[in-house]
Amino acid sequence: MNKAILLGRLTRDPDVRYSQGQNGDQMAIARYTLAVDRRFSRRNGNNDQQTADFIPCVCFGKQGEFAEKYLKQGTKIAVTGRIQTGSYTNKEGQKVYTTEVIVEEQEFAESKNSAGSGNGSGSGYQPQSAPAQESASAEGFMNVPDGIEDDLPFK
């Protein structure tokens, strides 16, 4: 089974082109790159550095038209698709290998209001009725109190 599920933000506006079909109709082909945060952060001295993967995605047809009309740099989306690999020979005669996600489904992962609020939380979902918790992290999880790391069932 070849299935990829991604949640990330567009690094720039989609690049959309149209190809001629066999019947003279045009098909949209949209390409964009998703910045997908990794679940862990890399320690570099005393600094924690957030790491992300930049994953190229391609949409065809109606999905490409949707990307052209509604997606823009910074939009947080969820993508379902399949990973496709390929290769070509560039102008210098070197073989170049490619890997990209062929998008089957894509949807918004945050509301329009939270996307423009600039709160920097990155979670995209903030329930209006939830009380603010000082001990909660930006992702909405409670911080682990100091000194109990040895008591946790996982590391």
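Hi everyone, and thanks for coming. First, some housekeeping: the model is predicted, so local features need pLDDT of at least 70 and side-chain atom pairs count only at pLDDT 80 or more, while totals for chains, interfaces and linings use all residues. Residues are numbered from 1 along each chain as its sequence is written, and side-chain values use heavy atoms, with hydrogens and water left out.

Let's begin with the strands. Helices (H or I, at least four residues) and strands (E, at least two) are DSSP runs, numbered from the N terminus. Two strands pair if DSSP finds at least two bridges between them. Strand β1, residues 4-10, runs antiparallel to strand β5, residues 76-89, and six bridges join them. If you want a place to look, find A4, which stands opposite G81 in β5.

On to β6, residues 95-108, which pairs with β5 over 13 bridges, again in the antiparallel sense. Here V79 has Q106 in β6 as its bridge partner. The hairpin of β5 and β6 has five residues between the strands, and G93 takes a positive phi near 85 degrees there.

Now the charged side chains. We call it a salt bridge when a side-chain nitrogen of Lys or Arg is within 4 Å of a carboxyl oxygen of Asp or Glu. By that rule the count is five, and I'll show you some of them.

Take E110 and R9, whose side chains meet at 2.9 Å, N to O. E110 sits in the loop between β6 and α2 (112-117) and R9 in strand β1, so this pair ties together parts that are 101 residues apart in sequence. For accessibility, buried means under 20% relative accessible area, exposed over 50%, and partly exposed in between, using a 1.4 Å probe and protein chains only. E110 is buried at 12%, whereas R9 is partly exposed at 29%.

Next, E100 and R31 form a salt bridge at 3.1 Å, N to O. E100 is in strand β6 and R31 in strand β3 (residues 26-44), so the pair ties together parts 69 residues apart in sequence. E100 is buried, at 17%, and R31 is partly exposed, at 41%.

My last pair is K62 and E65, at 3.9 Å, N to O. Both lie in helix α1, residues 62-70, three residues apart, or about one turn of the helix. K62 is exposed at 69%, while E65 is partly exposed at 32%.

That's my tour, so over to you for questions.
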